[in-house]
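User: I am new to reading protein structures. Could you take me through one, feature by feature?

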Amino acid sequence: MQERISIEEAIREAGLKRKYVANKLGVSDTYINEYLKKPGSISVKNASIICKLINVNYIYV
């Protein structure tokens, strides 16, 4: 079983800048911190984008 880590930690480990991720998600770079703290509010489309950015395969459950 794979270890679960937060989205913020995965972005950090991938070496991505928050501003870059915010731009790809279509949210402001000032809002990205709050957005990532509430993973339940992230749309499936944006979750898919995050997975592609951090090079993770995802499964729809």
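User: What is the mean pLDDT of the chain?

Analyst: pLDDT is the predictor's confidence in each residue, from 0 to 100. Where pLDDT is low, the predicted coordinates should not be read in detail. Here the chain averages 85, and 89% of the residues score at least 70.

User: How many helices and strands does the chain have?

Analyst: Four helices and zero strands. From the N terminus on, the order is α-α-α-α.

User: Which residues of H2 are buried?

Analyst: Start with the cut-offs. Buried means under 20% relative accessible area, exposed over 50%, and partly exposed in between (1.4 Å probe, protein chains only). H2 spans residues 18–25, and its buried residues are Val21, Ala22 and Leu25. Seen down the helix axis, they fall within an arc of 100°, so they line one face of H2. That arc is taken from the directions from the helix axis to the C-beta atoms. On the other side of H2, Lys19 and Asn23 are exposed.

User: What covers the buried residues of H2?

Analyst: The cover includes helix H1 (7–13), helix H3 (32–37) and helix H4 (44–53). As for the whole chain, 25% of its 61 residues count as buried.

User: Which residues does Asn46 touch, beyond its neighbours within four places in sequence?

Analyst: Contact means heavy atoms within 4.5 Å. Asn46 lies in helix H4. With those neighbours left aside, Asn46 is in contact with Leu25 and Tyr35. Asn46 has 10% relative accessibility, so it counts as buried. Across the chain, take the contacts with a separation of 6 or more: residues 24 or more positions apart account for 41% of them.

User: Which side chains meet in a salt bridge?

Analyst: The rule asks for a side-chain nitrogen of Lys or Arg within 4 Å of a carboxyl oxygen of Asp or Glu. The side chains of Arg18 and Glu8 meet that way, at 2.9 Å, N to O. Arg18 lies in H2 and Glu8 in H1, so the pair ties together parts that are 10 residues apart in sequence. By this rule the count is one salt bridge. Arg18 is partly exposed, at 31% relative accessibility. Glu8 is partly exposed too, at 21%.

User: How many aromatic pairs does a search of the whole structure find?

Analyst: One. It is Tyr31 with Tyr35, a tilted pair: 5.7 Å centre to centre, 45° between the planes. A pair of aromatic rings is described by the distance of the centres and the angle of the planes. Rings of Phe, Tyr and Trp (its six-membered ring) pair if their centres lie within 6.5 Å; planes under 30 degrees apart count as stacked, over 60 as edge-to-face and the rest as tilted.

Note on methods: Residues numbered from 1 in each chain as written. Predicted model: local features only at pLDDT ≥ 70, side-chain atom pairs only at ≥ 80, totals over all residues. Heavy atoms only, no water. Helix = DSSP H or I, 4+ residues; strand = E, 2+ residues; numbered from the N terminus.
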